[in-house]
2 protein chains.
Amino acid sequence: MKLVALKAPVDRKPRADDFALIEAAPPSCPEGGVLVRVARLSLDPYVGSRLRGRHMGEAPPAPMKDAVPGAVVGEVAESRCDGLTPGDWVHSMDGGWCDIAALPGAACRKLDPALAPLDAHLGALGMPGLTGWAGITRLAEVGNGDVVLVDAAAGPVGGVAGQIAKLNGAARVVGVAGGVEKCALVTERYGFDACVDYKKEGWRDALAEALPDGLTVFFENVSADMAMVALSHARPYARGVLCGLVDAYHTDQQSLHPLNAGVIIARRARLMGLVVYDYYPQWDDYMRTAAEWVREGALVVAEDAVDGLENAPALFERLMDGRNIGKCLVRVSPLTA
Amino acid sequence: MKLVALKAPVDRKPRADDFALIEAAPPSCPEGGVLVRVARLSLDPYVGSRLRGRHMGEAPPAPMKDAVPGAVVGEVAESRCDGLTPGDWVHSMDGGWCDIAALPGAACRKLDPALAPLDAHLGALGMPGLTGWAGITRLAEVGNGDVVLVDAAAGPVGGVAGQIAKLNGAARVVGVAGGVEKCALVTERYGFDACVDYKKEGWRDALAEALPDGLTVFFENVSADMAMVALSHARPYARGVLCGLVDAYHTDQQSLHPLNAGVIIARRARLMGLVVYDYYPQWDDYMRTAAEWVREGALVVAEDAVDGLENAPALFERLMDGRNIGKCLVRVSPLTA
């Protein structure tokens, strides 16, 4: 089998040449588990933190030995667990950068290939989509008339958050993204009402223009500083979802991520921390609801895909630098065997 | 008439000798308003900020001219407005440090002296009580099984917050206060399950012991730093009410009041800003509910009272320094004419 591992421990933002593609002996099928032929691999920002031992207390993978962790979609090749048989398609958060994954049955969600394109299970129907959905519907409870601001809006989490806000009746959804191409994606394909390019001079004025009557909800995925920008546009009783602080994933010191409590009081704001793990039990429900939106074209996530495991490191470096456009995924092997 | 005014503008924490008791010509009864004989005057921390022009954008009173602003309970002496007649008792947030107040009818809430002791309208049934009630019932929605942490617990806001938390089914209510006497008040008269003295060495360990299973709700009235202490004990999905940051009312620069967004996310916390103004429309409803608790002795606020307007400045200085024990009020004139 092939896998991609770290060459050595990293204590900074990982780069493409931190990784090596290596050959290893194929794993045997574990008791109570399956062997999965990996077809699609998801690349996500949290993995950058995970590689440094900074994610939820989880240990980093062993250099030149363990596959880099990652979510996968694949086909069961061999099974020693009830409920999964060869030929079944599964999604697992516990996969990795490899072509064959040995997984416990409990770490696999069985997929129905007729429900939606299998690639969608890494984006709109995957962990990023579940995250956006949970923040918008379970925490902020977006409904009719809400005015919603979403940053990192071209990414799969922000993109889904904004689209689901619209699907739930939001009056106006405004995105923030970096660069002309990302902003075009957000307004043209994701259907946001406006998208402000934070790399452009005068972007704060542009944001004020895009929110002439302020906002009632914001979905924060970048930094505490951006949350404070959002709060400066908050109407009284605005709700804010604090989902991620990707800007600080690779800062040198553990940052304070300061939010100004006085502003929260003055705006009567309601801030809510989100960790998507808590919503895994609702994933299958979400998937069934969202699959219909995907089939209808009402929920779209752009893909930034490469072919072959050997190209995962370069795409991951682009993701770490925010140079990707849409959901990063690797086509490890074909969807039809 | 008599009134207490600032001698000169202040740009620091006010002290007793910043004030002067002066004689002035009695006001005439305003069109659509009343003249009120002030019986009780409330001293509250926000007035310290108000005197410096730091409170909700309101202008400070003119030195040697305007009475220091403050909530009052008094008896209508003369009326030129519908619905109020001489002999009626009223509460007003727009009174001042004076023995006769000229007030618009709309700034007065009529009181029923049979409902509860008139003094209670400055504490348990007054603005401090309404604040505690709003935070506990309307924002945090405290119910059965909640474990609630309240700081500034010996004060009227914190004291009411904790007692109403208990009345609403909280399993455990823990206070934080400064000094042995305040802590005894909190546990013995207010009925909190425990109170930690933050002036005592090892108080952080004592707090951890008082919250062996963490907290589900905190009511913050002191500082962002204390909110972070509370968050360090938060169970997942804990709710935090951000009510006041009195520790910073008289700091020299406008403080950042930093809350760590990363901790809010990790704890899945829900933080809510509270401004009591928003609940004034519900004040009469609250008053009727809480009056029953007051009559039954289920809701108690200790009073730190002095007699005579001339003693208001010294009591106010004690309040500014946190040396008061309970609700600060001034007996300006008798409750029975």
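The model is predicted: local features need pLDDT of at least 70, side-chain atom pairs count only at pLDDT 80 or more, and totals for chains, interfaces and linings use all residues. Residues are numbered from 1 along each chain as its sequence is written, and chains are lettered from A.

**Both chains.** Rotate chain B by 180 degrees, with 0.0 Å of shift along the axis, and it superposes on chain A at RMSD 0.0 Å (least squares on C-alpha atoms of residues with pLDDT of at least 70 in both copies). That is the relation of a two-fold axis. The same surface serves both copies, and 100% of the contact residues of chain B recur in chain A (contact: C-beta atoms, placed from the backbone, within 7 Å).

**Helices H2 and H3, chain B.** Select 127–139 and 156–167 of chain B; the axes of these helices come within 8 Å and cross at roughly 45 degrees. (Helices are DSSP runs of H or I, at least four residues; strands are runs of E, at least two.) Axes are lines fitted to C-alpha atoms over the stretch in contact, with angles from 0 to 180 degrees between N-to-C directions. Show B:Trp133 and B:Ile136 of H2(B), and B:Val160 and B:Ile164 of H3(B), which are among the contact residues.

**A:Ser223.** This residue sits in the loop between strand E11 (215–220) and helix H6 (224–231) of chain A. Beyond its neighbours within four places in sequence, A:Ser223 contacts A:Leu245, A:Asp247 and A:Ala248. Finish on A:Asp151, 72 residues from A:Ser223 in sequence and 9.6 Å away, C-alpha to C-alpha.

Note on methods: Contact = placed C-beta atoms within 7 Å.
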